[in-house]
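I opened this entry to look up fold, charges and salt bridges. Sequence and structure are pasted below.

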Amino acid sequence: MEGLFENICVALKLHETMFAPVCTRFQLKRTELLVLLFLSREKKNTASDIVDTLKIAKSHISASVRDLEERGLVVCRHEGRDHRAVHLQLCEGAADIIRACEEAQRAWYAVLCQGLTEQERQTLGHCLHCMTSSANMYLKEQKQAKVVSL
C-alpha cells in the first residue's frame with residue numbers, strides 16, 4: 001500500500017489537467033463541471049447528494065449550483081411535499097458540456113489504464129469500489145461520532 005497516497009494525488013492532478021481545457025472552453029470552474037457530470041450520471045439530484053458523494057464543501061456546491069442556474073445550465077425545483085429539498089435538473093444547454101466532460105473522463109481513464117488488460121481493469125474497478133465503500137463508511141462513522149460527542 002506504500003505509495004497509494006502519491007498515486008491518488010497523481011491521478012487527481014491528471015484529472016485536473018485533462019479537464020482544464022473543458023473548463024476554459026466553457027468558462028466554468030472545475031466544481032461546476034463536476035456538478036454537471038454528477039447530475040448527468042446519477043439518479044440522485046440534490047445539492048446534499050453531491051456533497052455526500054463527492055465530498056466537496058457545501059458552500060462550494062451551493063455557489064456552483066447558483067452560477068450554473070444563472071447560466072441556464074441547471075434548474076432547481078421543489079418536488080413533493082418537502083420544500084426544503086431542492087432537486088437539480090440539467091437543461092438542454094448543458095449537453096455539449098456533458099459530452100466534453102465525458103470525453104475528458106474517457107481520456108483520463110485511458111491514460112490511467114494504459115497497458116492494463118481488461119481483467120486488470122475490472123479488478124482495479126472492483127478494488128476502487130471496495131476502497132471507496134470502506135472510506136465512505138469510515139467517514140460516516142466519524143461524522144456520527146462527532147455529532148454524538150457534541
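**Fold and overall figures**

I read the elements from the N terminus on as α-α-α-α-β-β-α-α. The chain has six helices and two strands; helices (H or I, at least four residues) and strands (E, at least two) are DSSP runs, numbered from the N terminus.

I note that this is a predicted model, in which local features need pLDDT of at least 70, side-chain atom pairs count only at pLDDT 80 or more, and totals for chains, interfaces and linings use all residues. Residues are numbered from 1 along each chain as its sequence is written, and side-chain values use heavy atoms, with hydrogens and water left out.

I looked up the extent: the C-alpha trace spans about 45 × 45 × 25 Å along its principal axes. The chain exposes about 10,700 Å², of which carbon and sulfur atoms supply 56%. Accessible areas come from the Shrake-Rupley method with a 1.4 Å probe, and for residues only the protein chains shown count as cover.

Of the 150 residues in the chain, 23% are buried. I use buried for under 20% relative accessible area, exposed for over 50%, and partly exposed for in between (1.4 Å probe, protein chains only).

I then checked contacts (heavy atoms within 4.5 Å). Among those between residues at least 6 apart in sequence, 54% join residues at least 24 apart.

**Charges**

I counted Lys and Arg as positive and Asp and Glu as negative, leaving out His and the chain ends. The chain has 20 positive and 19 negative side chains, and the centres of the two sets lie 4 Å apart. The place of a charge is taken as NZ of Lys, CZ of Arg, CG of Asp or CD of Glu.

Which residues form a positive surface patch? I found Lys44, Lys55, Lys58 and Lys143. Patches are made of residues with over 30% relative accessible area and no salt bridge; like charges are joined within 9 Å, nonpolar side chains (Val, Leu, Ile, Met, Phe, Trp, Tyr) within 5 Å. Lys58 is in helix 4 (residues 58-70) and is exposed, because its relative accessible area is 61%.

**Salt bridges**

I looked for a side-chain nitrogen of Lys or Arg within 4 Å of a carboxyl oxygen of Asp or Glu. The structure holds three such salt bridges.

Lys13 and Glu16 form one of them, at 3.4 Å, N to O. Both lie in helix 1 (residues 4-26), three residues apart, about one turn of the helix. Lys13 is partly exposed at 47% relative accessibility, and Glu16 is partly exposed at 40%.

Asp96 and Arg99 form another, at 2.4 Å, N to O. Both are in helix 5 (residues 95-112), three residues apart, about one turn of the helix. I recorded both as partly exposed, Asp96 at 43% and Arg99 at 45%.

Lys29 also pairs with Asp67, at 3.5 Å, N to O. This pair links distant parts of the chain, with Lys29 in the loop between helix 1 and helix 2 and Asp67 in helix 4, 38 residues apart. Asp67 has a relative accessible area of 22%, so I list Asp67 as partly exposed.

**Glu32**

Not counting residues up to four places away in sequence, Glu32 touches Ser64, Asp67 and Leu68.
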